[in-house]
Amino acid sequence: MKYSFDFAAPLEYWPDLLAGAWTTLTLSLAATFFGFLVGVFCALASTGKAKWLARLAGAYIEVIRNTPLLVQVFLVYFGMASMGFKVGAFTAATVALVVNVGAYTSEIVRAGIESIPKSQLEAAETLGLTRWQTLRHVVLPPAIERVFPALTSQYVLLMLASSICSQISAEELTAVANRVQSDTFRSVETYLIVAVGYLLLSLVMRGLFWLVGYVAFPRRRRVGTPL
């Protein structure tokens, strides 16, 4: 059996595909930013002295890490609607991705925090630093620097996983591709184009994180390894 490739038909939809790629990128960056904040807070809660807060953070992490992302997306999308919150698919997708990646970020950042030598904490206590000052100047900067490559990989995986949000009609790249292939009947060509698109988006994400690492971590900048 011979198959004749024809990319002309799906490529006619390049403005729609480009718009879908942009939506995927903005969705991923928004989820990355807010998911990082959620993850850092939960990591601090998990390693803090308040046991009830640590248990609460631990329960959240275990529930999210042991349930499928697709189920979480549906729960957020349909759950918010059932509670009377009328939100668009993009907003619901962002919330679901933030909830999901926050749990994974928390475990990564927690590992970084626990890697800080106790001698540094004792030195900070000896200098009379408050808990917030210790976290701000002694704990978080080196902890996040150590786990930054793992965070980068996690957020790139988040961008790839955002394709699941097409199931709630969020107009990201995969949702656009589904519409294009149904119009053109060129499924193989359409999804090959989309695969290349995701590859390029992964490179863009890694480039952005390289830039963040270059700016945020002077020591890595000096040795030439921002990631």
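Student: What makes Tyr-3, Phe-5, Phe-7, Leu-11, Val-188 and Leu-192 a nonpolar surface patch?

Tutor: In this predicted model, local features need pLDDT of at least 70, side-chain atom pairs count only at pLDDT 80 or more, and totals for chains, interfaces and linings use all residues. Residues are numbered from 1 along each chain as its sequence is written, and side-chain values use heavy atoms, without hydrogens and water. A patch takes residues with over 30% relative accessible area and no salt bridge, its nonpolar side chains (Val, Leu, Ile, Met, Phe, Trp, Tyr) being joined within 5 Å and like charges within 9 Å. A salt bridge places a side-chain nitrogen of Lys or Arg within 4 Å of a carboxyl oxygen of Asp or Glu. The six named side chains make a patch of about 540 Å², by the Shrake-Rupley method with a 1.4 Å probe.

Student: Why is Leu-11 called partly exposed?

Tutor: Buried means under 20% relative accessible area, exposed over 50%, and partly exposed in between (1.4 Å probe, protein chains only). Leu-11 has 43%, so it counts as partly exposed.

Student: Why is Ser-169 called exposed?

Tutor: Its relative accessibility is 53%, therefore Ser-169 counts as exposed. Ser-169 also has a positive phi of about 70° although it is not a glycine.

Student: What is the count of disulfides?

Tutor: A disulfide is a pair of cysteine sulfur atoms within 2.5 Å. The count is 0. For Cys-42, the nearest cysteine sulfur, that of Cys-165, is 20 Å away.

Student: Why is Cys-165 called buried?

Tutor: Its relative accessible area is 0%, so Cys-165 is buried.
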